[in-house]
Amino acid sequence: VLYETPPQIRIQGINSIAGYTALAGFDETAIGWFGETTRYCTKGLTKEEKALYEKITGALVTHYVYFAQAPKKSGGQEAIRASVAYGGLKKAYRLMEEYDPASCDFSKKENQPATPWSIAKCACVKSLSYFETDGWNSDGSLSREVNRKPFEDFDFFDGTNQYNKYENQLCTPNSDVMTWTPLREDSGVGFFQRSLHVTPQIGLTSRLLTVPSENKCSYLENETVPDPQYDYDFELDFVLEETRKTANDNKRFVEVEAFDSKLSSLVAQAVLWGVANKLSEFEHWKLALTFSITMHDATVLAWREKVYWNLIRPTTVAERLGGTERKSTWAGGDVLGEREIKVVEWEPVIRTMPHAEYPSGSACMCKAWAEALTAFSGSDEVNKPSPALDIVVKKGQSKIAPHVRPTEDVRLTF
C-alpha cells in the first residue's frame with residue numbers, strides 16, 4: 001500500500017529539508033534550513049573522502065526519514081543498502097573524534113566534529129519535528145484522542161472562521177449535482193469501497209514552505225484560478241477519444257504509465273539535470289530542496305482550489321451522462337485495441353485519484369517545477385543529456401496490464 005500523492009510529496013519535503021540541512025555544514029557558506037551555520041571539521045580529508053562522507057550522510061538521511069515515516073516500506077532499507085554500495089561505511093564511522101549523537105548540540109565549538117550518523121540523525125529530528133505541526137494531521141491527533149487516523153480531515157476554528165470537514169457528497173445517476181463524489185474502487189477479490197477525498201484540509205491548514213506564515217493570508221488572496229466552465233458533454237467525448245487512441249498505441253500507453261507519477265518522472269529529470277551540470281553532492285541536495293518545497297506548495301495551493309471548486313471527475317461524468325450510449329474506446333488493460341462499450345462502464349487507463357478534478361494537480365506541479373528550475377539555473381534553457389531519460393519497457397511488462405501490454409518492446413526517450 002502506497003501513500004496517496006500529497007503525503008508522498010510531504011515526505012519528500014521532510015527528506016529534502018533534512019538532507020539539505022545535514023549537508024549544509026560541509027559547504028563553506030551555506031546556511032541550513034533552520035538557520036544553522038555549523039561547519040563540520042573536515043581538515044585532512046581529500047576531496048574524494050569529503051565527497052564520500054557527504055554521500056553517506058545523505059544516504060543515511062533518507063534512511064532515517066523513510067524509516068520514521070514508512071517503517072514497513074522498503075525505501076529506508078534501500079537507502080541504507082545504497083549507502084553501503086558507496087563503500088567505506090566503516091571508514092566513515094567518524095569524521096574526527098567521537099561525538100555524542102544524542103546531544104545534537106554543535107554550538108559549543110566553531111568546528112565541532114561529528115559522525116555522518118549523528119549529522120544525519122540530528123537533521124532528521126529537526127525536520128520531522130518541524131513537520132509535526134504543519135497542519136496535515138499526519139498522526140491523526142488533531143481529529144481523535146485514540147484510534148487515530150493519519151491525515152484525517154478535521155474541524156477547526158482559526159480564531160475568526162469555523163472550518164468544517166469536507167462533505168463527501170455521493171452523486172447518483174439521477175442527481176443534478178455535478179460535484180466531486182467518492183470514487184468506487186475494487187480489490188479484484190470481492191472487496192469494494194468508495195475512496196473519500198484525500199487530505200482536503202491541507203489547502204487551508206498547511207503552512208507554505210516558500211512563504212512566511214505571517215504572509216500566507218495576503219499571498220493566498222491573490223492566488224486563485226478562474227472558473228473552468230466545463231462543457232461536460234464535450235469533455236466526455238474528448239476523454240473517450242483520447243483513451244481510444246491509447247488503446248491502439250503501445251507508446252502512448254507506456255508513456256501514460258511511466259510519466260503518471262510526478263515524483264518519479266520529475267525527480268528523474270532533476271537528478272539527470274544535476275548530473276549533466278556536474279552538481280556536487282551538496283548542490284544536488286540544494287536542487288532536491290528546491291524541487292521538494294516547490295512541489296509541496298504547488299500541491300497545497302492546488303488542493304485549496306480543488307476543494308473550493310469541488311468539480312466532478314471524468315469517471316463519474318461517464319456514469320452520469322453515459323446513459324445507454326455506446327462508443328468505441330478504451331475497454332481495459334486486458335483488452336487489446338479499442339472496443340465498443342457502454343459509456344457508463346468506461347474507466348480511465350490508470351486509477352483516478354481520489355480528489356476533485358480542478359485544477360489539475362499534475363499541471364500545477366509541472367508548471368511550478370519548470371518555473372523553479374528556471375529560477376534555480378538562471379535560464380529557461382535546460383542543459384541535459386541527450387536523451388535525458390532512456391528506458392525500455394519490455395513486451396508484457398506493464399504494471400497496469402502485466403503479460404498483456406505492451407504488445408512489443410517500447411523505448412521511451414525524453
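P359 sits in the loop between β6 (339-342) and α12, and in this predicted model the peptide bond that leads from Y358 to P359 is cis, with omega near 0 degrees. A cis peptide bond also joins R405 and P406, where omega is about -10 degrees. P406 belongs to the loop between β7 (390-393) and β8 (410-413).

N137 has a phi near 60 degrees, a positive value in a residue other than glycine. The place of N137 is the loop between α4 and β1 (156-157). Is N137 buried or exposed? With a relative accessible area of 3%, N137 falls under the 20% cut-off, so N137 is buried. Leaving aside residues up to four places away in sequence, N137 touches L142, S143, K149, P150, F151, E152, F154 and Q201.

Q229, which is not a glycine, likewise has a positive phi, of about 50 degrees. This residue lies in the loop between α6 (216-221) and α7. Q229 counts as exposed because its relative accessibility is 67%, and the cut-off for that class is over 50%. A positive phi, near 55 degrees, is also found at G323, which follows α11.

Helix α11 itself (residues 314-321) has T315, T316, V317, A318 and R320 as buried residues. Their packing partners are β3 (183-186) and α7 (232-247).

Attention can now turn to the interior. In soluble globular proteins, nonpolar side chains tend to be buried together. Here the largest nonpolar core has 28 residues, and A22, L23, F26, V61, V65 and F282 are those with the most contacts inside it. Two or more residues of this core come from each of α1 (5-24), α2 (47-69), α4 (116-132) and α10 (281-309). Which element gives the largest share of this core? That element is α1, with eight residues. A22 touches Y40, T57, V61, I119 and A123, not counting residues up to four places away in sequence. A second, separate core of 20 residues includes V254, V317, W330 and V410.

Two packed helices are described by the angle between their axes and the distance between the axes. For α1 and α2, the angle is about 145 degrees and the axes are 9 Å apart. Their crossing is right-handed. Among the residues making this contact are A18, A22 and L23 of α1 and T57, V61 and V65 of α2. Sorted by class, the contact of α1 with α2 holds eight nonpolar, seven polar and two charged residues.

Helix α2 also packs with α4, at an angle of about 40 degrees and with the axes 8 Å apart. That angle makes α2 oblique to α4. The crossing of α2 and α4 is right-handed. The contact includes T57, V61 and V65 from α2, together with I119, A120 and C124 from α4. The residues in the contact of α2 with α4 divide into 13 nonpolar, two polar and one charged.

Terms used
Residues numbered from 1 in each chain as written. Predicted model: local features only at pLDDT ≥ 70, side-chain atom pairs only at ≥ 80, totals over all residues. Heavy atoms only, no water. Core = buried A, V, L, I, M, F, W, Y, C linked by side-chain atoms within 4.5 Å. Buried < 20%, exposed > 50% of the residue type's maximum accessible area, 1.4 Å probe, protein only. Helix = DSSP H or I, 4+ residues; strand = E, 2+ residues; numbered from the N terminus. Contact = heavy atoms within 4.5 Å. Axes fitted to C-alpha atoms, helices over the stretch in contact; angles between N-to-C directions. Parallel < 35°, antiparallel > 145°, perpendicular 65-115°, else oblique. Left-handed = near helix turned anticlockwise from the far one by under 90°. Nonpolar A, V, L, I, M, F, W, Y, C, P; charged D, E, K, R; others polar.
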